[in-house]
Amino acid sequence: MPTVWSNRNVTLNIVLLPILPLLAAIFPPLAIRSGRTLCAVAAAVPTVAALLILAAAAPAVYRGEIVQATYEWLPQFGLSYSIFLDGLGFFFAAMILGIGLLIIIYSRFYLSQDDPMGRFYAYLLLFQGAMVGVVVSDNILLMVVFWELTSLSSFLLIGYWRALPEGRQGARMALVVTGGGGLLLLAGLLLLGQIAGSYELTEILQRGDVIKASPLYLPMLLLVLGGAFTKSAQFPFHFWLPHAMAAPTPVSAYLHSATMVKAGVFLMARLWPALAGTEAWFLIVSMTGLITMLVGAWIALFKDDLKAILAYSTVSHLGLMTMLLGLGTPMAAVVAVFHILNHATFKAALFMSAGIVDHEAGTRDIRRLGGLLHLMPISATLALVAAGSMAGLPLLNGFLSKEMMLEEIVHTPYAGNPWIMPILATVGALLSVAYSARLAIKTYLGPVRADYPHHPHDPPVGLWLPVAVLVVPVIAIGLLPALIAGPVVERTALAVVGGQALPSYYLALWHGFTPALMMSAVAFIGGAALLMAFKPLDRLRLATPRLEAKRVFDRVLDGATGGAKALVAALHTESLPRYFATIVVAITVVGTAGFMTGSHAAGTRAHLPVNGPALVIWATLLATSLAVMVLHPNRLLTLILTSLVGLGVSIAFIQFSAPDLALTQISVEVVMTILLLLALNLLPRTTPRETGWIRRMWDGVIASVAGFGLAGLAYAVMTRDFQPISEYHLAQSKPGGGGTNVVNVILVDFRGFDTFGEIIVLCIAALAIYALLDSSLKGAAARRLASMRQGEEAADAHPLMLVVVTRVLLPLAMTVGAFIFLRGHNQPGGGFIAGLVVAIALLMQAMASGYIWTAERLRLNAHTMLGLGVLLAGLTGLGSLLFGRPFLTSTFGYVHLPVIGEFELASAMAFDTGVFFAVVGTVLLSLAQIARVEARAERKPVPQGPSDIRLVGSARAVSQPTIAHSKES
Amino acid sequence: MEVLIASAIGVLSAAGIYLILRQRSFPVIIGMTFLSYAVNVFLFAMGRLTVDRPPIISSGAAAYADPLPQALVLTAIVISFGMTALIVVLALRGYLETGSDRVDEGIPKLPEPAEERLTS
């Protein structure tokens with residue numbers, strides 16, 4: 001149940017924020033059949049709905065409340081579906097959904113006719129839901145789930161154009177880097193949860209002091225930052241973002257500038273109260289951010305692809321935000337929030353403009369562009385304004401946050417040196433001016449050219465309107481920052497810094513002649529100078545060796561793959577004995593360790609007295625087992641000895657009050673022996689001795705130790721008293737289940753569902769056997785079968801006496817089967833045993849008279865029996881539903897019949913019949929199938945019936961039955 | 001009696017494990033049969049040993065053997081039959097297919113498909 005902190009409706013609704021887009025993702029692929037516009041509408045509607053939900057929560061959030069809702073998910077792991085909305089979450093959610101809506105409109109016009117639009121919007125909604133989930137999660141484990149979902153949906157979106165190799169490769173690289181980072185994050189957040197004693201953010205954020213004082217703080221910090229840095233493309237993980245630009249431009253605008261790449265920044269802001277403010281945080285985060293800012297800006301300066309420039313510029317700006325958060329002061333946090341807002345507006349606008357240029361001019365290469373201002377005045381103007389903001393021109397929002405950033409930096413010494421940070425930040429700003437100017441000049445300014453691939457003109461309004469919507473705040477915030485962005489920045493920054501009060505600041509255009517203004521001026525002049533000297537600089541850059549991050553990434557990936565392959569090759573030797581030995585040794589070691597740490601008092605239960613027959617059986621079992629270990633190369637002998645052991649085990653069951661088990665064991669034993677005999681007919685008759693005595697000794701030691709352990713364990717349990725859990729079954733067997741044989745009642749009634757599952761498993765096994773052998777009648781297996789020579793011992797295929805005896809016995813055996821089946825509910829017996837007995841009776845016929853002969857006479861073939869069995873058992877179970885009772889509820893009643901007297905009818909009996917048929921079917925199907933394969937191996941013609949006594953002169957008389965049979969069939 | 005059962009379980013499982021550690025399919029199958037015997041008796045013994053008290057309700061009986069392990073083992077016996085049958089057929093098919101009944105060496109490997117490399 002949700003904990004209500006605020007208005008109940010709002011609370012309930014915010015739960016839907018992440019779920020709504022995720023679930024709605026199925027609609028666009030359906031709606032595409034009704035046209036592209038409807039498809040876009042299908043994507044826009046859930047986005048708008050989510051925005052409305054968010055708007056409904058806005059008053060509460062801006063009153064400073066925290067809207068919260070919690071549902072238990074896996075409480076034992078600390079995982080709950082808990083959502084909360086505060087200033088920061090609200091800010092990000094609004095940004096994700098708002099820009100998402102613009103992107104949806106833009107994509108409708110951007111995607112071409114051939115692109116599968118339904119799939120695109122489905123992926124986009126998946127991403128949107130996941131991203132909103134990241135920013136509103138209260139539970140940090142839930143956040144990781146959404147975090148990884150954003151990586152996955154980003155993978156799908158980058159690889160949207162499946163035919164493009166860059167798309168596939170970029171998608172894979174992004175997934176490896178961000179998905180891998182997600183794993184680091186998971187580890188880090190688990191540690192964080194352990195340290196803080198809670199997985200709920202609202203709790204964790206209160207315990208910053210405990211967390212920062214913990215000895216695990218540094219490893220946890222590094223892991224969490226690993227997640228944040230990979231996601232937000234911080235140096236040295238910045239390389240994936242430019243490769244992700246193979247995605248369609250709307251995706252680049254949405255995921256890779258405005259939202260997903262900000263997830264890392266968001267995480268650092270979210271955990272700011274818990275993690276920030278330490279020396280380690282400052283040194284690592286601010287320097288990583290600063291380096292990323294410089295590296296990104298430097299590379300952006302020399303790129304010719306519009307999207308590549310914007311991608312590296314995004315890397316640079318993400319570095320700027322990271323650096324600000326890394327400073328650890330509340331004021332820097334305010335600036336970071338302000339810049340996140342500003343960057344989202346101008347960068348998404350620029351990406352969409354790049355898409356327009358690509359769409360209209362047919363190229364994104366700035367060397368082939370220029371003069372577009374004259375050809376597409378509307379979109380070019382919009383793009384120029386956004387580029388100006390990116391450069392930090394006054395009157396635009398980018399200027400304000402850059403000024404505030406520089407102002408903060410001036411007061412920040414790094415490792416005792418007051419000059420490092422200001423200088424580097426100024427250089428960053430300078431580079432930013434240079435690449436922004438280069439982008440603007442090369443694309444939009446200058447003379448109109450005659451050699452564009454397409455003829456560019458302004459696009460339809462659907463493409464430029466979303467850009468315009470974003471450019472409006474670029475100017476509005478730039479002119480009236482306090483009025484437009486003031487409340488948002490304040491509320492969001494308050495959420496970032498947690499309990500602390502914000503320092504007094506005011507967002508304004510003019511702060512007087514501050515050091516920051518001087519640095520800005522330097523940046524503008526320097527940027528212009530840099531652009532003048534672009535050509536020689538570019539030559540210089542090309543002449544110097546560069547370390548390409550992607551090549552390093554490839555090499556690391558190759559190394560990892562090679563290492564994994566080597567490891568697999570070393571471990572995966574494909575030797576079953578070795579695997580099994582490893583398992584047994586491991587279990588033995590664990591068991592021994594457990595034994596050593598326990599107490600070793602002897603059991604108190606009284607021993608049963610040993611009697612003579614038991615001793616004999618025991619000695620036989622032991623002798624047989626040992627004999628098998630030595631004599632196993634002789635396979636036929638082994639088989640006989642094995643059945644001897646089975647016999648001994650069933651006698652043991654009789655001895656210890658388990659008649660049902662004894663009956664089952666002995667009938668299974670018969671079937672199993674026949675099965676193995678059949679198989680042995682096709683397998684080699686002996687096992688060659690291939691191992692030396694050392695290996696055999698070693699195996700013997702493993703086996704003995706494990707056997708000794710099992711024996712000890714069994715002894716320890718058997719000599720201790722216990723409280724059985726079966727009292728209920730014993731008490732309820734007669735009144736509840738209507739039978740006195742408790743074992744059978746458990747099977748068909750109390751645990752009927754287990755039995756139902758079991759007969760299905762049996763049927764699957766039988767069908768698998770059928771399939772395995774059926775297909776062996778073709779190909780290499782069939783050729784090997786054909787080349788096998790039948791042994792001479794089978795000369796007498798159908799001995800007359802056997803045929804006669806089995807046919808006489810059949811009715812008798814069937815009667816025994818029926819008897820065992822019918823008494824099963826009250827006396828030892830039941831469907832399993834009866835099934836085995838009947839199967840054996842039928843197998844006897846098959847052995848004596850041939851499988852074909854038998855199969856021809858069976859009314860029900862084995863497949864039918866399998867199906868019948870499962871169906872009967874299932875229908876019996878379903879029958880109870882008709883009476884409003886749970887599946888497999890059994891019922892019973894007493895019927896009075898003349899002559900026979902009163903007897904019981906239980907629904908469990910129908911269920912048991914199902915079991916019966918399933919067992920008969922399984923046995924017959926497996927054995928008949930082996931026999932069928934064997935028939936292929938027999939080269940001599942086999943007489944169909946009992947026709948083996950071929951006396952000279954009276955052959956005619958003897959062969960008559962054969963003729964008769966063939967007529968019959 | 002407990003000692004006899006415990007030692008029988010030990011010897012049966014030792015024989016089973018030893019046979020499973022062999023290099024050919026047939027001894028492995030027999031070994032699994034032995035191990036099944038051992039495990040079934042072991043499970044059965046978890047209900048402790050009782051003589052002459054089958055779990056069949058009658059007015060004269062004072063106590064009964066624990067029926068739950070018995071029901072469990074009954075299904076285990078049948079399932080292990082199904083499993084053994086499947087393993088036997090697997091071994092048979094493998095032998096027919098490759099001409100070898102060894103279980104300690106893999107099948108010949110197919111060449112791996114060429115990987116798509118990151119290029120740009």
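**Chains A and B: the interface**

In this predicted model, 104 residues of chain A are in contact with 84 residues of chain B. Who contributes on the A side? Helix α33, residues 693–718 of chain A, gives the most to the side that touches chain B, with 14 residues. By class, that side of chain A has 62 nonpolar residues, 28 polar and 14 charged.

Now chain B on its own. Along the sequence the pattern reads α-α-α. Chain B has 120 residues, and 58% of them count as buried. Take the contacts in chain B with a separation of 6 or more: 52% of them come from residues 24 or more positions apart.

On chain A we have α36, residues 752–774; on chain B, α3, residues 67–98. Their axes come within 9 Å and cross at roughly 15 degrees. How do they run relative to each other, parallel or antiparallel? Angles under 35 degrees count as roughly parallel, so α36(A) and α3(B) are roughly parallel to each other. The crossing is left-handed.

Which residues meet there? From α36(A), the list includes A:Val761, A:Leu762, A:Ala765, A:Ile769 and A:Leu772. From α3(B), it includes B:Val78, B:Ile79, B:Gly82, B:Leu86 and B:Val89. Charged residues take part too: among them are A:Asp754 and A:Glu758 in α36(A), and B:Arg93 in α3(B). By class, this helix contact has 14 nonpolar, 3 polar and 3 charged residues.

Terms used:
Residues are numbered from 1 along each chain as its sequence is written. Chains are lettered from A and ligands numbered from 1 in the order in which they are written. This is a predicted model: local features need pLDDT of at least 70, side-chain atom pairs count only at pLDDT 80 or more; totals for chains, interfaces and linings use all residues. Two residues are in contact if their C-beta atoms, placed from the backbone, lie within 7 Å. Helices (H or I, at least four residues) and strands (E, at least two) are DSSP runs, numbered from the N terminus. A residue is buried if 20 or more other C-beta atoms lie within 10 Å of its own, exposed if 12 or fewer, and partly exposed in between; C-beta atoms are placed from the backbone. Axes are lines fitted to C-alpha atoms, for helices over the stretch in contact, and angles run from 0 to 180 degrees between N-to-C directions. Angles under 35 degrees count as roughly parallel, over 145 as roughly antiparallel, 65 to 115 as roughly perpendicular and the rest as oblique. A crossing is left-handed if the near helix is turned anticlockwise from the far one by less than a right angle, and right-handed if clockwise.
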